[in-house]
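Me: I'd like to go through this structure piece by piece. Here it is.

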Amino acid sequence: MNWNEISSPTITFERASVLFGPSPEKNCPNILELMRQGQSKDNIRKSTGYTIGLIEVSLTIDPGEMFVVMGLSGSGKSTLLRLINRLITPTMGTTRVGQIDVAALNQGDLLAFRRQNVSMVFQSFGLLPHRNVTDNIAFPLRVQGYARSSARARAAGWIERVGLVGYGNAMPSELSSGMQQRVGLARALVTGAPILLMDEPFGALDPLTRRAMQQELKALQRDLGKTVVLITHDPMEAFNLADRIALLREGQLVQLAAPEVMAAAPADEEVSAFVSAARDLP
Ligand SMILES: Nc1ncnc2c1ncn2[C@@H]1O[C@H](COP(=O)(O)OP(=O)(O)OP(=O)(O)O)[C@@H](O)[C@H]1O
Ligand SMILES: [Mg+2]
């Protein structure tokens with residue numbers, strides 16, 4: 001299979017559900033039924049021992065979209081994100097990237113799929129502590145089999161792009177948190193993967209640095225046309241960045257809409273509270 005054919009794939013979730021517990025496939029239909037009867041996630045966990053990660057989420061993320069996922073802690077945001085590169089496998093339903101059913105890939109194809117299509121930026125940066133900035137950024141290329149010199153040469157271009165000129169030889173411990181996340185971003189961009197998954201990438205940054213990084217991400221995305229799926233706890237960040245926002249609660253999709261649509265017609269009280277928080281209203 002030629003993975004390079006997927007230049008800017010659509011990401012599709014079709015009734016994707018994730019259940020945590022023993023034999024989840026067998027028990028998922030019963031748990032879904034309890035949800036339909038109106039039982040809360042907490043009650044289901046108490047009465048059955050199963051934790052709901054995600055329940056029958058169907059949505060499409062468009063190529064080149066800045067797609068933001070919001071919701072309270074435990075609502076299923078990371079679970080949703082991780083289905084895209086199969087760090088988590090759906091218990092029921094499907095996730096597709098382009099025409100590819102991600103859950104159906106064998107191990108070899110899954111590795112190739114991840115390397116060429118999806119990169120990830122973590123809240124905790126996830127840098128290699130004993131390698132300098134250049135080698136950290138070059139690392140995904142080395143994994144792909146690039147020679148050290150050409151990997152480093154490509155990394156150097158990204159060092160400039162994310163505003164770290166002069167820091168190529170610095171070690172991660174010598175950098176501020178904002179600079180470390182710039183390294184994380186460059187490392188995610190260096191492979192040219194069309195999909196960028198960001199799990200609270202700016203959560204560990206102070207407000208001003210966070211705002212600067214948001215602006216840079218916007219500019220980069222405009223230039224590069226990546227599909228970005230970004231999780232945030234911060235309503236202002238969501239409204240500042242998103243083409244569309246998905247709001248999750250207890251594993252369910254509550255509303256999926258452009259920020260201005262969400263603001264004009266919030267689906268319920270919780271969405272309304274997010275909208276107010278984004279506008280800094282009481
Ligand atoms: N490996 C796991 N085993 C058991 N339960 C899990 C596992 N991963 C997630 N969960 C549960 O699934 C639910 C959704 O978790 P998830 O990590 O997606 O939430 P989240 O919205 O990302 O929360 P946060 O904002 O705190 O990161 C939670 O109730 C969580 O406890
Ligand atoms: Mg999370």
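Me: Start with the ligand; what counts as near a molecule?
Reply: A residue is near a molecule or strand if its C-beta atom, placed from the backbone, lies within 6 Å of it. By that rule Phe20, Thr51, Gly53, Gly71, Ser73, Gly74, Ser75, Gly76, Lys77, Ser78 and Thr79 surround ligand 1.

Me: Is this a predicted model, and if so, what are the confidence limits, or is it something else?
Reply: It is a predicted model, where local features need pLDDT of at least 70, side-chain atom pairs count only at pLDDT 80 or more, and totals for chains, interfaces and linings use all residues. Residues are numbered from 1 along each chain as its sequence is written, while chains are lettered from A and ligands numbered from 1 in the order in which they are written.

Me: How does the shell around ligand 1 divide by class?
Reply: Into 1 nonpolar, 9 polar and 1 charged. Here Ala, Val, Leu, Ile, Met, Phe, Trp, Tyr, Cys and Pro count as nonpolar, Asp, Glu, Lys and Arg as charged, and the others, Gly among them, as polar.

Me: Which element gives the largest share of that shell?
Reply: Helix 3, with 3 residues. Strand 2 (51-61) and helix 3 (77-84) each supply at least two residues. Helices (H or I, at least four residues) and strands (E, at least two) are DSSP runs, numbered from the N terminus.

Me: What order do the strands have in the open sheet of 4?
Reply: The order is 2-1-4-5, and the pairing is antiparallel. Two strands pair if DSSP finds at least two bridges between them.

Me: Which strands stand at the edges there?
Reply: Strand 2 and strand 5 (100-101) do; each has a single partner strand, so one side of each is left without a neighbour in the sheet.

Me: And what packs on that sheet?
Reply: Helix 3 does, touching strand 1 (11-20), strand 2 and strand 4, and its direction makes about 55° with that of strand 2. Axes are lines fitted to C-alpha atoms, for helices over the stretch in contact, and angles run from 0 to 180 degrees between N-to-C directions. Two residues are in contact if their C-beta atoms, placed from the backbone, lie within 7 Å.

Me: How many bridges join strand 1 to strand 2?
Reply: There are 7, and the two strands run antiparallel. Thr12 stands opposite Thr60 of strand 2. Strand 1 is also joined to strand 4, by 5 antiparallel bridges, with Ile11 partnered by Val97.

Me: What about strand 4 and strand 5?
Reply: Strand 4 (residues 92-97) runs antiparallel to strand 5, with 2 bridges. Arg96 is opposite Asp101.

Me: In what sense do strand 3 and strand 9 pair, parallel or antiparallel?
Reply: Strand 3 (residues 66-71) and strand 9 (residues 244-249) are parallel, over 5 bridges. Met70 has Leu247 as its bridge partner in strand 9. Leu247 in turn has Gln255 of strand 10 as a bridge partner.

Me: How many residues lie between strand 9 and strand 10 in their hairpin?
Reply: The number is 2, and Glu250 in the turn has a positive phi of about 50°. Strand 9 and strand 10 (residues 252-257) pair in the antiparallel sense over 5 bridges.

Me: Helices next. At what angle do helix 5 and helix 7 pack?
Reply: Helix 5 and helix 7 (residues 177-189) pack at about 30°, with axes 7 Å apart. They are therefore roughly parallel to each other. Angles under 35 degrees count as roughly parallel, over 145 as roughly antiparallel, 65 to 115 as roughly perpendicular and the rest as oblique.

Me: Which residues meet there?
Reply: Val133, Asn136, Ile137, Phe139 and Pro140 of helix 5 meet Val183, Ala186 and Arg187 of helix 7. By class that is 6 nonpolar, 1 polar and 1 charged.

Me: And where do helix 5 and helix 6 stand?
Reply: The axes of helix 5 (residues 133-143) and helix 6 (residues 148-161) come within 8 Å and cross at roughly 120°. That makes helix 5 oblique to helix 6.
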